[in-house]
Amino acid sequence: MSKIKVAVIGAGGKMGTRTSNNLITKFPDKFDVKLVETYPPAVERIEKERGLSVTPVKEALDFADVVIFAVPDTMIRTLSAEYVPLLRPGTVFLILDPAAAVAKELTLRDDCTFGVAHPCHPSYFKWQKEEDAYLDRFGGEGGHQDIVMSKICGDDAKFDLAQETARCMYRADKAYIMTSEQIAFLEPTLVEILGASTLYAMAETVDEAVRRGIEREAAVSFLTGHIFNLSANFLGYLPGNPPVSDACKVAIGIGNRHVLRDDWKKIWEDDMLEKAIATMLHPENPKL
């Protein structure tokens with residue numbers, strides 16, 4: 001069986017390095033990979049640190065069955081307008097984030113297949129048997145993870161090739177197929193606008209705990225353990241789907257009124273703590 005010919009554009013960047021490393025080192029019998037990079041420090045990293053060579057873009061595009069476009073979102077409009085016209089008919093062109101596709105900034109062609117592939121990153125609900133897998137918080141370096149994908153346009157059989165390539169470059173267990181718009185609802189809406197902002201607030205609130213004399217390791221252990229437990233509870237991963245305590249339900253209501261605001265740090269004020277406890281214990285006579 002002949003190898004899948006892949007060109008990685010932006011191969012010296014963070015995502016370009018991760019994805020190309022996996023194709024080259026983990027699947028050498030399946031993929032023949034050419035690296036494209038123009039930023040001098042990134043070229044130097046490829047050649048000196050990784051011991052690999054850089055291929056001129058036209059040569060790489062003439063060679064490739066699949067092009068992985070690992071460039072920043074802000075550059076996709078300009079660079080796709082330059083590179084997509086150079087593709088051979090039938091090429092698969094894979095971007096790593098849906099934003100440019102949804103914003104219609106990605107140059108397309110009727111005779112090529114275009115897709116999006118984005119990692120979910122290792123979930124704490126996924127079993128990570130090996131220690132190196134457990135320590136891989138980002139994914140692609142041993143940690144078990146899934147990916148999401150969409151076909152922007154093109155041939156279904158070619159998109160199958162895109163899926164195979166994406167699962168290997170991310171070392172993914174499963175590819176969830178959806179529209180590019182649905183991926184965009186996952187990121188930024190789900191995991192950045194909501195998820196990242198609330199998680200960042202959790203990290204800041206650990207600092208508040210430390211300021212009040214609580215040992216940082218204790219605060220982190222308490223916070224992350226409860227996040228794991230509550231996530232399992234709210235997302236239906238606990239056997240029997242047991243409800244949280246009545247006091248926790250009251251506390252959630254307090255949080256909805258006082259945390260999801262610009263002045264959320266007032267929950268660390270002494271009188272707020274007193275009122276919160278009083279309200280949790282006596283919800284029939286709320287103080288907040």
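Student: Is H121 buried, partly exposed or exposed?
Tutor: H121 counts as partly exposed, because its relative accessibility is 27%. Buried means under 20% relative accessible area, exposed means over 50%, and partly exposed is in between, with a 1.4 Å probe and protein chains only. This is a predicted model, where local features need pLDDT of at least 70, side-chain atom pairs count only at pLDDT 80 or more, and totals for chains, interfaces and linings use all residues. Residues are numbered from 1 along each chain as its sequence is written, and side-chain values use heavy atoms, with hydrogens and water left out.

Student: Where is H121, and what is its phi?
Tutor: H121 is in the loop between β5 (113-119) and α6 (131-135). Its phi is positive, about 75°, although H121 is not a glycine. Helices (H or I, at least four residues) and strands (E, at least two) are DSSP runs, numbered from the N terminus.

Student: What about R171, where is that and what is its phi?
Tutor: R171 lies in the loop between α7 and β7. It is not a glycine, yet has a positive phi of about 50°. R171 counts as partly exposed because its relative accessibility is 29%.

Student: Which residues does the cis peptide bond join?
Tutor: E187 and P188, with omega at about 25°. P188 is found in helix α8 (residues 180-211).

Student: New topic. Which residues touch the most other members in the largest nonpolar core?
Tutor: V6, L23, I68, M149 and M169, out of 27 residues in that core. A nonpolar core is a set of buried Ala, Val, Leu, Ile, Met, Phe, Trp, Tyr and Cys residues joined through side-chain atoms within 4.5 Å.

Student: Which elements give two or more residues to this core?
Tutor: They are β1 (4-9), β2 (31-36), β3 (66-69), β4 (92-95), β6 (145-153), α7 (156-169) and β7 (172-177). Helix α7 gives the most, with six residues.

Student: And what is L23 in contact with?
Tutor: Leaving aside neighbours within four places in sequence, L23 is in contact with V6, P28, F31, V33, I68, T165, C168 and M169. Contact means heavy atoms within 4.5 Å.

Student: Which residues does the second core include?
Tutor: That separate core has 25 residues, including A7, I76, I95 and L106.

Student: Is F63 buried or exposed?
Tutor: F63 counts as buried because its relative accessibility is 16%. It sits in helix α3 (residues 57-63). Beyond the neighbours within four places in sequence, F63 is in contact with K5, V6, D32, K34 and R88.

Student: Now α10. What span should it have, and what does it have?
Tutor: Helix α10 (residues 246-258) has 13 residues, so at 1.5 Å a residue it should span 18 Å; its end C-alpha atoms are 19 Å apart, which agrees. The expected span is 1.5 Å times one less than the number of residues.

Student: Which of its residues are buried, and what covers them?
Tutor: The buried residues of α10 are V250, G253, I254, G255 and H258. Their cover includes α11 (270-281).

Student: Last one, the whole chain. How many helices and strands?
Tutor: The protein chain has 11 helices and seven strands. Of its 288 residues, 38% count as buried. Its C-alpha trace spans about 70 × 40 × 40 Å along the principal axes.
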